Amino acid sequence: MPGCFKKTLFALASVISFASFILIVVAMGTPKWMTGKILCKTGAELVNATDPELVKFIGEIYYGLFRGGKIRQCGLGGRRSKFSVFPHMVKKLNTGLHVMIIMFLCVAISFSLVSFGFCILNAIKVPYRAIKGPAGICLWNFLAGGFVALAVTGFVAAVKLHRLTERIANFRENVFQFVILEEQFEDCFWICVAGAAAHAVNLLLIAISCINFPKIKTKTEEANVTAEDIMY
């Protein structure tokens, strides 16, 4: 049976693994990974809008991995619209990269659950196989955190290098052209980053659990010396 200190660490690691699983699932299902402001360039150029008048042509956009929406402002008031990535926008985006991001997160979810199960196992008993012990837990956490990091990096690359926001803003726009004024990563994106950070914390906890701390003897134990102990 593991000691009380190790039990506490493994129990805490199991909670963190399950929390990471929840964070990743919630982040995947939410439609606000990115938000931004979009300018209706065509409308502004048609009326030669000056700086004060540009407000009438600035709309908003938000999106996640599966769906999103935007408010188009082309001088005649805002028009709201929603969209889904699958199957409508697949051809407009970098399909391979987008699918890889989703697959990386799904794999990370699986490894988070495996890490959760192994942490529970180690909190209950000392496994006889190394792969089921602390070494295995470190492996699963490293893989889970690594795949989340790959997904986050891929999403940042899609936004910055492949102009993802601009592509989505101009989806099914035959007359008007939109340009991106500003864009920022929202809470759901950072929740996913927090999921990767949680696995890094788990690695630290497991490393601490492998340290053999010296046992401190109390004064009562030191004073309880019999004559037989002195003889031997």
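**Entry 1: Gly29**

I began with Gly29 and found this residue in helix H1; helices here are DSSP runs of H or I with at least four residues, strands are runs of E with at least two, and both are numbered from the N terminus. The model is predicted, and I noted that local features need pLDDT of at least 70, that side-chain atom pairs count only at pLDDT 80 or more, and that totals for chains, interfaces and linings use all residues. Residues are numbered from 1 along each chain as its sequence is written, and side-chain values use heavy atoms, with hydrogens and water left out.

I looked up the exposure of Gly29 and read a relative accessibility of 36%, so Gly29 counts as partly exposed. For this term, buried means under 20% relative accessible area, exposed means over 50%, and partly exposed lies in between, with a 1.4 Å probe and protein chains only. I then looked up the distance from Gly29 to Leu65: the two are 36 residues apart in sequence, and their C-alpha atoms are 7.7 Å apart in space.

**Entry 2: the whole protein**

I counted nine helices and five strands in the protein. Read from the N terminus on, the order of the elements is α-β-α-β-β-β-α-α-α-α-β-α-α-α. The protein has 232 residues, of which buried residues make up 38%. I also looked up the contacts, where contact means heavy atoms within 4.5 Å. Among contacts with a separation of 6 or more, 70% are accounted for by residues 24 or more positions apart.

**Entry 3: Glu60**

I located Glu60 in strand S2, residues 58-63. Its relative accessibility is 46%, so I recorded Glu60 as partly exposed. Not counting residues up to four places away in sequence, Glu60 touches Gly36, Ile38, Lys70 and Ile71. I also looked up Gly78, which is 18 residues from Glu60 along the chain; the C-alpha atoms of the pair are separated by 9.5 Å.

**Entry 4: H1 with H4**

Two packed helices are described by the angle between their axes and the distance between the axes. I looked up helix H1 (residues 4-29) and helix H4 (residues 95-124): their axes come within 8 Å and cross at roughly 160°. The axes are lines fitted to C-alpha atoms, for helices over the stretch in contact, and angles run from 0 to 180 degrees between N-to-C directions. H1 and H4 are therefore roughly antiparallel to each other; angles under 35 degrees count as roughly parallel, over 145 as roughly antiparallel, 65 to 115 as roughly perpendicular, and the rest as oblique.

I recorded the crossing of H1 and H4 as left-handed, a term for a near helix turned anticlockwise from the far one by less than a right angle, with clockwise giving right-handed. By class, the residues of the contact of H1 with H4 are 18 nonpolar, six polar and one charged. Ala, Val, Leu, Ile, Met, Phe, Trp, Tyr, Cys and Pro count as nonpolar, Asp, Glu, Lys and Arg as charged, and the others, Gly among them, as polar.

I next looked up H5 and helix H7 (residues 187-209), whose axes come within 9 Å and cross at roughly 155°. That angle makes H5 roughly antiparallel to H7. H5 passes H7 in a left-handed crossing. The contact of H5 with H7 has 15 nonpolar, four polar and no charged residues. Residues that meet here include Phe142, Val148 and Phe155 in H5 and Phe189, Val193 and Leu203 in H7.

I then turned to His199, which lies in helix H7. His199 is buried, with a relative accessible area of 1%. Leaving aside neighbours within four places in sequence, I found His199 in contact with Ser20, Ser112, Asn141, Ala144 and Gly145.

**Entry 5: two arginines**

I looked for positive phi values in residues other than glycine and noted Arg163, with phi near 50°. Arg163 lies in the loop between helix H5 (134-160) and helix H6 (164-169). I also noted Arg172, a residue other than glycine with a positive phi near 60°, in the loop between H6 and strand S5 (178-185). Arg172 counts as exposed, at 62% relative accessibility.

**Entry 6: cysteines**

I searched the whole structure for disulfides and found zero, a disulfide being a pair of cysteine sulfur atoms within 2.5 Å. For Cys188, the closest cysteine sulfur is in Cys192, 9.7 Å away, which is too far for a bond. Cys188 is buried, with a relative accessible area of 11%, whereas Cys4 counts as exposed at 64% relative accessibility.
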